[in-house]
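Reader: Can you walk me through the salt bridges in this one? Keep it short.

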Amino acid sequence: MQAGQRLYNEMGCWQCHGYQGQGGEAGPRIGPQPIPWPVFNNYVREPSGAMPPYRESVLSEADLRKIHAFLASLPPPSPNAPRPR
């Protein structure tokens, strides 16, 4: 999972989605329990919102799978944790 976390940080995913995929002002929550792989893959490749597309020439399928696995490995937030806005 460390490779996925490293890639998540290097690709700048944290800037919109937070360091733990919790979401923020610029991007929705994407972890833990990310959307299923096929949907995640399709959205990252051809997003419908403000997110830039990450084509395979920029982020390989293997690396994107590592990011998805990292997000899936995150523990659920504490019930007392504040919700992202």
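This is a predicted model: local features need pLDDT of at least 70, side-chain atom pairs count only at pLDDT 80 or more; totals for chains, interfaces and linings use all residues.

Reader: How many salt bridges does the structure hold?

Author: Three.

Reader: Start with Arg 6. Which residue does Arg 6 form a salt bridge with?

Author: Glu 10. The closest N and O atoms are 3.2 Å apart.

Reader: Where do Arg 6 and Glu 10 sit?

Author: In helix H1, which covers residues 2-10. They are four residues apart, so about one helical turn separates them.

Reader: Is Glu 10 buried or exposed?

Author: Exposed, with a relative accessible area of 53%. Arg 6 counts as partly exposed, at 42% relative accessibility.

Reader: OK, on to helix H4. Which residues does H4 span?

Author: Residues 61-73. Glu 61 pairs with Arg 65 there in a salt bridge, at 3.1 Å from N to O. Those two are four residues apart, so the separation is about one helical turn.

Reader: And what is the relative accessible area of Glu 61?

Author: 31%, so Glu 61 is partly exposed. Arg 65 is partly exposed too, at 41%.

Reader: What about Asp 63, which side chain does it meet in a salt bridge?

Author: That of Lys 66, with N to O at 3.7 Å. The cut-off for a salt bridge is 4 Å, so this pair counts.

Reader: How many residues apart are Asp 63 and Lys 66?

Author: Three, in helix H4, and again about one helical turn.

Definitions and conventions: Residues are numbered from 1 along each chain as its sequence is written. Side-chain values use heavy atoms; hydrogens and water are left out. Buried means under 20% relative accessible area, exposed over 50%, partly exposed in between (1.4 Å probe, protein chains only).
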